[in-house]
Amino acid sequence: MTIPFSLLDLSPVPEGHEASEAIKNTLDLARKAEGWGYRRFWLAEHHNMPGIASAATAVLIGLVAQATSRIRVGAGGIMLPNHAPLTVAEAFGTLATAFPDRIDLGLGRAPGGDGAVIRALRRDPMADSFPQDVVELLDYLGPERPGAPVRALPGEGTNVPVWILGSSLFGAQLAAHLGLPYAFASHFAPSDMDQAIAIYRDRFRPGPWNDRPQVMIAINVFAADDAREAHYLRSSMQLAFARLRTGMPGKLPRPVRDVEAELGAPMRHMVDQALRISAVGDAAQVRAQLQALIGQYRPDEVILTGQIHDHAARLRSFEIAADVLQSMQDAGQAAAV
């Protein structure tokens with residue numbers, strides 16, 4: 001079983017810490033992820049959230065790219081309705097010019113915040129021009145267009161790889177229609193996963209960007225040397241997700257031993273259903289769970305995520321996961337010989 005593995009980081013701000021520490025931790029994680037064999041390091045656009053420091057996503061991507069040397073760095077994703085396509089093309093064209101063949105651009109349709117955020121971003125809440133905006137952005141990043149009335153400079157000719165991100169059938173259909181790679185947000189919204197991936201693969205139309213369907217799925221990972229400790233570490237994300245869903249977002253909570261006592265059984269069930277695409281435990285347990293998920297969905301790539309309060313524990317979790325996936329790759333290559 002040979003499959004590339006990548007990492008999605010929201011630059012979490014834990015309780016008791018500040019955004020400046022979160023950014024330093026992100027840079028530290030990126031440098032280590034490069035050494036552990038991760039293929040990509042993606043950051044996501046969220047707004048007005050005290051527990052996430054990646055709001056200015058393109059800026060943080062530039063810092064990560066500068067702090068590393070080989071790993072691909074990108075957005076998972078930029079919420080395109082918040083931005084003019086030209087602005088995004090110029091930002092990522094600049095990044096691609098500064099860091100050639102290392103920048104990815106994942107595009108999402110959600111606002112990355114609530115109604116107040118939409119108003120603050122000067123968005124029209126009734127407008128929905130996402131498909132047209134994606135096509136316009138692709139044009140800006142594609143082959144040079146001398147004589148065009150508007151050009152992304154820098155940007156055109158960089159051919160920054162563009163991914164469509166989604167958690168519904170809409171994104172799958174659009175990615176298939178445009179012949180773009182597709183990343184499914186299974187780490188927090190897995191309900192339509194089977195149908196979305198099937199639609200994408202069945203309807204994919206080869207084009208200038210991709211000649212075959214390319215699916216990435218997101219998996220939460222909470223790994224530790226002791227399985228009980230891994231479940232304890234996971235509780236921070238369970239609490240954070242519950243608070244977000246009940247309109248009380250905050251910094252990443254400290255872990256607790258009895259998460260159900262904190263949330264109650266109904267909320268615990270809802271959270272666990274939303275976060276069910278996860279691998280939790282020691283190395284052997286994580287390996288078995290990752291093998292099962294990869295075997296079921298047959299992705300072309302996996303991207304791991306997981307918000308853990310303690311930075312050292314977060315590093316160890318991603319290190320264990322990388323070791324597990326690398327050993328699975330090695331086993332797959334040996335079996336193919």
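Asp-28 is placed in helix H1 (residues 19-36), where helices (H or I, at least four residues) and strands (E, at least two) are DSSP runs numbered from the N terminus. The model is predicted, so that local features need pLDDT of at least 70 and side-chain atom pairs count only at pLDDT 80 or more, whereas totals for chains, interfaces and linings use all residues. Residues are numbered from 1 along each chain as its sequence is written, and side-chain values use heavy atoms, with hydrogens and water left out.

Asp-28 has a relative accessible area of 17% and is therefore buried (buried means under 20%, exposed over 50%, and partly exposed in between, with a 1.4 Å probe and protein chains only). Apart from neighbours within four places in sequence, Asp-28 is in contact with His-311 and Leu-315, contact meaning heavy atoms within 4.5 Å.

Arg-245 belongs to helix H8. With a relative accessible area of 47%, Arg-245 is partly exposed. When neighbours within four places in sequence are set aside, Arg-245 is in contact with Phe-188 and Met-270. Met-270 is 25 residues from Arg-245 along the chain, and the C-alpha atoms of the two are separated by 9.9 Å.

Two packed helices are described by the angle and the distance between their axes. The axes of H5 (residues 130-141) and H6 (residues 169-178) come within 11 Å and cross at roughly 35°; axes are lines fitted to C-alpha atoms, for helices over the stretch in contact, and angles run from 0 to 180 degrees between N-to-C directions. In this pair, Phe-130, Pro-131, Val-134, Val-135 and Leu-138 of H5 meet Phe-170, Leu-174 and Leu-178 of H6. The contact comprises 8 nonpolar residues, with no polar and no charged ones (Ala, Val, Leu, Ile, Met, Phe, Trp, Tyr, Cys and Pro count as nonpolar, Asp, Glu, Lys and Arg as charged, and the others, Gly among them, as polar).

The largest pocket is lined by 48 residues, of which Leu-10, His-46, Ala-185, His-187 and Phe-188 are the closest to its centre. A pocket is an open set of points on a 1 Å grid over the protein atoms alone, where a 1.4 Å probe fits, with protein on both sides within 12 Å along at least five of seven lines; lining residues have an atom within 4 Å of a point. The lining divides into 27 nonpolar, 16 polar and 5 charged residues. Its largest share, 6 residues, comes from H8.
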